[in-house]
Amino acid sequence: MPINVQSPERTQYLATNPSPSFVHVSRDLTEEKNDRVSINSQVGQGERIAEEVCTSPVEPYCNVPPIPVTVDEVDEEGSGSGGNFNREDGIYGQGGMLGDIEENRVFRSKKELMTCLSIMSMRKKFQYKVFKSNTSFIVVRCVHPSCSWRVRANKLIESEYWMVTKHVNKHTCPTDFKTTRRRQATSWVVGECIKRRFINPGRVFRPRDVMDDMKQRYGQSYNLLPGYLHMLMQTNPGSVVNLEVTDGNKFQYLFIAFAASIQGFSYCRPVISIDATHLKGKYRGVLFTAVCHDANQQIFPLAIGVGDSENDAAWTWFVKRVKDVFGENPALVIVSDRHRSIRSAVEEAFPRAFHGICIYHLLNNLKTKFKSKNKELEQHYIAAAKAYNLQEFHVLFYTLCSAVPGAKEYLESVGLDRWTRSHAPCRRYNIMTTNISESFNAVLVKVRELPITAFVNEVRLLCQRWFQQRRTKANGCSSRMSTDVENKLEQRRDRAQTMDVRF
């Protein structure tokens with residue numbers, strides 16, 4: 001029950017009802033007083049020690065300082081299960097540090113308080129900033145200007161201990177403002193979390209091990225993925241999520257297409273660029289992406305997938321999911337590099353769609369095969385690939401083949417329709433490469449290092465931010481045409497006004 005800090009009743013209560021937390025605090029104080037009071041006489045000297053600890057004028061009422069709990073004594077819900085307290089561990093344990101903040105909780109130092117705040121922010125995925133701080137108190141707030149979350153702590157009089165005096169444990173910032181980036185994961189916080197692992201001097205703990213350990217403990221992992229995907233479906237109705245596991249309940253494949261992407265594809269050009277890149281997390285894997293251009297010539301993400309590697313089975317599974325969600329029509333074009341698994345997957349999943357190849361990937365193959373660095377080769381090749389009519393193509397193609405003997409047979413064996421605009425049976429528009437896929441992968445280069453669930457969440461936030469910004473911009477348009485088309489028409493109209501019409 002709450003007891004007045006300066007009342008005789010509190011002193012009498014502490015002297016006659018010593019709790020583990022009181023014994024721990026008093027033992028620290030006696031050591032700081034050069035062992036003037038022995039540990040065996042702590043309870044007998046309870047009245048004097050209680051006066052030293054509980055004379056803070058900040059709060060008129062407070063509870064007995066709670067016992068710090070180790071991570072091993074905390075269940076998944078964050079509630080302590082009791083147990084004996086090891087003074088040498090403090091709030092540290094073999095599992096690390098418990099980053100929970102409660103009002104009236106006492107910390108041995110300001111550094112311990114700040115470490116605990118940092119751990120809590122990493123676990124709950126938000127960021128804070130120090131609003132005010134001096135030698136007697138500290139106030140921290142959420143980085144969002146309108147959020148009400150804050151913590152105030154004061155230093156106890158005549159001791160090095162700090163007590164949390166106020167904790168507004170409610171975030172009023174937008175949900176999408178929360179992030180998996182670890183602003184508070186500074187070097188000294190990481191050091192505090194892992195220093196218990198160096199008790200054995202023979203233990204080898206490399207920098208890479210530190211990264212993997214921190215991501216495993218305070219990041220997200222595969223066991224959180226099903227719950228996250230369930231909530232994703234609940235909050236994004238119309239989205240398509242496929243998660244496949246092996247017979248041993250191990251992760252195998254993941255496919256995600258957001259509802260906004262599915263609805264928006266009908267307003268985009270029917271040209272899909274597919275590509276893959278490697279994930280850099282602890283368990284590696286490959287990220288599969290399917291993107292296209294929207295009406296404003298911007299990257300429009302359609303779907304992402306995660307698999308073990310770029311093999312026939314993984315690519316076929318992903319491409320089939322793309323077909324199930326976005327359908328197939330005779331005007332559809334799939335653009336990719338010349339990976340054999342992609343060609344096999346597209347032929348199986350999209351038998352009626354046209355499969356074109358990226359002209360830059362083919363150019364690199366051409367340079368490698370003929371060991372040529374001739375700039376004219378590149379110029380003639382790209383010009384021939386982008387030519388709109390057959391007459392223009394034949395002139396450029398003849399020049400190219402004359403400059404590089406053997407190039408004619410090689411390019412014809414690939415198939416002229418697969419890399420030229422003039423021979424393509426379907427419209428490729430200006431999408432002759434997989435640059436939009438590679439650009440999307442480049443945007444994700446940092447988040448590809450995150451654990452799988454955190455990575456998926458970052459992709460969701462990115463797509464949500466893009467779609468929101470574009471919708472806001474589109475609502476401001478005065479015509480049905482996109483801003484990019486309006487600008488091009490304006491430029492061409494200005495040029496046309498200077499031309500003479502001749503018959």
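The structure is a predicted model, in which local features need pLDDT of at least 70, side-chain atom pairs count only at pLDDT 80 or more, and totals for chains, interfaces and linings use all residues. Residues are numbered from 1 along each chain as its sequence is written, and side-chain values use heavy atoms, with hydrogens and water left out.

**The chain as a whole**

- The chain has 18 helices and 16 strands; these are DSSP runs numbered from the N terminus, with helices being H or I of at least four residues and strands being E of at least two.
- The chain holds 503 residues, and 46% of them count as buried.
- Take the contacts between residues at least 6 apart in sequence: 59% of these join residues at least 24 apart. Contact means heavy atoms within 4.5 Å.

**Helix α10 and its surroundings**

- The buried residues of α10 are S341, I342, A345, V346 and A349. They fall within an arc of 130° seen down the axis, so they line one face of the helix. The arc is that of the directions from the helix axis to the C-beta atoms.
- These buried residues pack against β12, α9 (312-326), β15 and β16.
- S341, in helix α10, is buried with a relative accessible area of 6%.
- Not counting residues up to four places away in sequence, S341 touches E310, N311, D312 and W315. From S341 to W315 it is 26 residues in sequence and 6.4 Å in space, C-alpha to C-alpha.

**Strand β15 and its partners**

- Strand β15 (residues 333-336) is covered on both faces: V333 and V335 are buried on one side, I334 and S336 on the other. In a regular strand the side chains alternate between the two faces of the sheet.
- β15 runs parallel to strand β12 (residues 271-278), joined by three bridges; two strands pair if DSSP finds at least two bridges between them. S273 has V335 in β15 as its bridge partner.
- β15 also pairs with strand β16 (residues 354-357), in the parallel sense and over four bridges.
- Together, β15, α10 and β16 make a right-handed β-α-β unit. Right-handed means that, with the strands pointing away from the viewer, the path from the first strand over the helix to the second runs clockwise.
- T277 lies in strand β12 and counts as buried at 16% relative accessibility. Leaving aside neighbours within four places in sequence, T277 is in contact with V286, L287, N441 and R448.

**An open antiparallel sheet**

- Five strands form an open sheet in the order β5-β9-β8-β7-β6, with antiparallel pairing. β5 (106-107) and β6 (128-133) stand at the edges with a single partner strand each, so one side of each is left without a neighbour in the sheet.
- β6 and strand β7 (residues 137-142) run antiparallel and are joined by five bridges. K132 stands opposite V139 in β7.
- The loop between β8 (150-155) and β9 (162-168) contains E158, which is exposed with a relative accessible area of 67%. Phi of E158 is near 60°, a positive value in a residue other than glycine.
- Most residues other than glycine have a negative phi.

**Helix α7**

- In helix α7 (residues 225-235), L225, Y228, L229 and L232 are buried. They cover an arc of only 95° around the axis, which puts them on the same side of α7.
- The elements covering these buried residues include β10 (240-245), β11 (251-257) and α17 (452-475).

**A loop residue with positive phi**

- Q297 lies in the loop between β13 (286-293) and β14 (299-307). Phi of Q297 is near 65°, a positive value in a residue other than glycine.

Terms used
Buried < 20%, exposed > 50% of the residue type's maximum accessible area, 1.4 Å probe, protein only.
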